[in-house]
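Visitor: Could you take me through this model, one feature at a time?

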Amino acid sequence: MMPTYRLEYHSDAVQDLVDIHNLIEDYAGRAIANRKLAEIEAATYRLEDLPKIGSIRNDFAPSLRALPIAGKGVICFTVDDETLTVFIICISYAGSDWASRVKERL
């Protein structure tokens with residue numbers, strides 16, 4: 001059995017979630033925004049048990065992984081097998097430029 005990894009968020013990734021919720025709430029209402037955010041968070045929590053999913057994107061940063069989520073979203077993260085940590089660098093939604101965010105945050 002694989003060990004469970006710990007999630008760690010870049011401070012701006014937490015704000016990404018707030019921004020995504022606000023964006024969806026503005027055009028679709030609070031209930032839909034709450035459901036979409038729950039879907040995004042559930043995908044993030046799955047990384048604790050499945051940290052190696054997603055596409056490896058070394059073209060943007062060493063050992064960066066990108067995982068499509070919730071229809072229009074992407075979670076960008078790295079995995080540290082020594083500390084059993086998944087580091088969430090950014091969470092983007094609706095075509096926002098995740099590649100630029102990753103470069104700014106690393």
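This is a predicted model: local features need pLDDT of at least 70, side-chain atom pairs count only at pLDDT 80 or more; totals for chains, interfaces and linings use all residues.

Guide: Residues are numbered from 1 along each chain as its sequence is written, and side-chain values use heavy atoms, with hydrogens and water left out.

Visitor: What distance separates the end C-alpha atoms of helix 1?

Guide: Helices (H or I, at least four residues) and strands (E, at least two) are DSSP runs, numbered from the N terminus. The expected span of a helix is 1.5 Å times one less than its number of residues, so the 18 residues of helix 1 (residues 11-28) should span 26 Å. The end C-alpha atoms agree with that expectation, being apart by 26 Å.

Visitor: Which residues of helix 1 are buried, and which elements do they pack against?

Guide: Buried means under 20% relative accessible area, exposed over 50%, and partly exposed in between (1.4 Å probe, protein chains only); by this rule A13, D16, L17, I20, H21 and I24 are buried in helix 1. They cover an arc of only 130 degrees around the axis, which puts them on the same side of helix 1, the arc being that of the directions from the helix axis to the C-beta atoms. The face turned away from that buried side carries the exposed residues S11 and D26. Contact means heavy atoms within 4.5 Å, and the buried residues of helix 1 pack against strand 1 (6-9), helix 2 (30-46), strand 5 (85-93) and helix 3 (98-105).

Visitor: How many disulfides does a search of the whole structure find?

Guide: A disulfide is taken as a pair of cysteine sulfur atoms within 2.5 Å. C76 is in no disulfide, since the nearest cysteine sulfur, that of C90, is 3.8 Å away, although C76 counts as buried at 0% relative accessibility and C90 counts as buried at 0% relative accessibility. The number of disulfides found in the whole structure is 0.

Visitor: Which residues are linked with D16 in a network of salt bridges?

Guide: A salt bridge is a side-chain nitrogen of Lys or Arg within 4 Å of a carboxyl oxygen of Asp or Glu, and D16 forms one with R101, the closest N and O atoms being 3.4 Å apart. D16 lies in helix 1 and R101 in helix 3, so the pair ties together parts that are 85 residues apart in sequence. D16 is buried, with a relative accessible area of 3%, whereas R101 is partly exposed, with a relative accessible area of 23%. The network links D16 with D12, R101 and R105.
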